[in-house]
Amino acid sequence: MLDTIKELIRQNDLCVLATIGPQGPHTSLMAYTASSDATRMFLVTPKNTLKYQNMVRDPRVSLMIDSRNKASRQEIRALTVSGHAAEVADPETIKDLRDAFAVRHPHLKRLIEQPDVAWISVQVDSFQLLDGVHDAHHVQLES
């Protein structure tokens with residue numbers, strides 16, 4: 001099942017990020033890249049956003065990735081990724097992420113070149129894959 005999950009992550013590059021703050025839940029459409037083993041997801045956001053403030057306050061996040069653009073309604077897969085967000089501080093890792101985003105998301109060139117953006121790493125805790133309407137699979141990663 002993990003191979004199916006990794007393939008869905010590789011085939012897509014947009015997700016919905018869910019954060020929680022004092023005002024309640026907040027969702028944002030986000031571009032992402034992922035580690036090759038799919039245990040970490042990477043995002044970039046300006047620091048003056050509600051999603052960033054929410055992640056600083058409460059690092060628990062959820063991402064939703066789906067196949068709605070690539071499958072008929074009966075065959076849609078929806079993946080919920082649960083994890084913990086942390087800002088990336090290592091300059092070499094930030095350079096690697098900037099390079100990866102420039103290749104995968106060239107339309108975000110202006111965003112990734114801004115000095116006041118936060119590079120976010122989401123350490124994955126678990127996956128829940130819905131394969132169609134009735135078939136659900138849960139994968140808990142080792143801590």
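Two strands pair if DSSP finds at least two bridges between them. Strands (E, at least two residues) and helices (H or I, at least four) are DSSP runs, numbered from the N terminus. The model is predicted: local features need pLDDT of at least 70, side-chain atom pairs count only at pLDDT 80 or more, and totals for chains, interfaces and linings use all residues. Residues are numbered from 1 along each chain as its sequence is written, and side-chain values use heavy atoms, with hydrogens and water left out.

Start with strand S1, residues 14–21. Three bridges join S1 to strand S5 (residues 60–66). The two run antiparallel. Ala 18 has Ser 62 in S5 as its bridge partner.

S1 also pairs with strand S2 (residues 24–31). This pairing is antiparallel too and spans eight bridges. Within it, Thr 19 stands opposite His 26 of S2. Two residues separate S1 from S2, and the strands form a hairpin.

Now look at the faces of S1. Its side chains alternate. Cys 15, Leu 17, Thr 19 and Gly 21 point to one face and are buried (under 20% relative accessible area; exposed is over 50%, partly exposed in between; 1.4 Å probe, protein chains only).

Turn to the charged side chains. The structure holds six salt bridges. Each is a side-chain nitrogen of Lys or Arg within 4 Å of a carboxyl oxygen of Asp or Glu.

One of them joins Glu 87 and Lys 47, at 3.4 Å from N to O. This pair links distant parts of the chain, 40 residues apart. Glu 87 sits in strand S6 (residues 77–87). Lys 47 sits in the loop between strand S4 (40–46) and helix H2 (50–57). Glu 87 is partly exposed, at 36% relative accessibility. Lys 47 is partly exposed as well, with a relative accessible area of 36%.

Another joins Asp 131 and Arg 77, at 3.1 Å from N to O. Asp 131 lies in strand S7 (residues 117–131) and Arg 77 in S6, so this pair ties together parts 54 residues apart in sequence. Asp 131 is partly exposed, at 26%. Arg 77 is partly exposed, at 30%.

Lys 109 and Glu 113 also meet in a salt bridge, at 2.7 Å from N to O. Lys 109 is partly exposed, with a relative accessible area of 47%.
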